[in-house]
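Please look through the model shown below before reading on.

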Amino acid sequence: GMALCAPGLYQAVDSVVVRFTNTAESFGVSRRSEVRVLAGTAKAVARMFIIDKDSVAPGESAFARLRFAEPLVLSAGDPFIVRAFSPAQTLGGGTILSTRLGRIRRKAPGLVERLTKAY
C-alpha cells in the first residue's frame, strides 16, 4: 500500500491505537493476537494488543494497539479491517484513533477512562 502526499506531511508509523469491533459470528479475538490488517491500500501483518479487556467476543468493541511488522503511512480517522491468519476470515474492524500516543501500559491507572473521554 502506498500513500501519495506532500513530502514531510505524514510519517510512517509502526503502531497505532484503535477502536476495534469484532464482527465475526463465532470467533473471539484474544489479547495478543497476530492478525492481518487492511488499511487504505495496505495489507500488513500486526500484533493486536487489546487494552481494556482480555479478549473481544463477537459483537464487542475494545481499545487496542496494533503493532505492525513494517511501518505504514496511516492517520487518525482512517478505517481498517482485521483478518485472521487461520482460518482466513474477517474478524472485524474499526477506526484508527491515534498514531502518536507512544507506549501505552495496559494497566496504567485511568488509561481506559482517558481513552474513552478522548475518543
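Which residues of the largest nonpolar core touch the most other members? They are Phe20, Met48, Phe68 and Phe80, in a core of 26 residues, where a nonpolar core is a set of buried Ala, Val, Leu, Ile, Met, Phe, Trp, Tyr and Cys residues joined through side-chain atoms within 4.5 Å, and buried means under 20% relative accessible area, exposed over 50%, and partly exposed in between (1.4 Å probe, protein chains only). β1, β3 (32-39), β4, β6, β7 and β8 each supply at least two residues of this core, the strands being DSSP runs of E with at least two residues, numbered from the N terminus. A second, separate core has six residues, among them Val17, Ile51, Phe63 and Leu115.

This is a predicted model, in which local features need pLDDT of at least 70 and side-chain atom pairs count only at pLDDT 80 or more, while totals for chains, interfaces and linings use all residues. Residues are numbered from 1 along each chain as its sequence is written, and side-chain values use heavy atoms, with hydrogens and water left out.

Six strands close into a barrel in the order β1-β6-β4-β3-β7-β8, with antiparallel pairing; two strands pair if DSSP finds at least two bridges between them. Strand β4 (residues 42-50) is joined to strand β6 (residues 61-72) in the antiparallel sense by five bridges, and Ala46 has Phe68 as its bridge partner in β6.

Pro87 is placed in the loop between β7 (79-83) and β8 (90-98), and the peptide bond from Ser86 to Pro87 is cis, with omega near 0°. Another loop, between β1 (13-22) and β2 (29-30), holds Ser26. Is Ser26 buried or exposed? Ser26 is exposed, because its relative accessible area is 69%. The C-alpha atoms of Ser26 and Glu70 are separated by 30 Å, and the two residues are 44 residues apart along the chain.

Methods:
Helix = DSSP H or I, 4+ residues; strand = E, 2+ residues; numbered from the N terminus.
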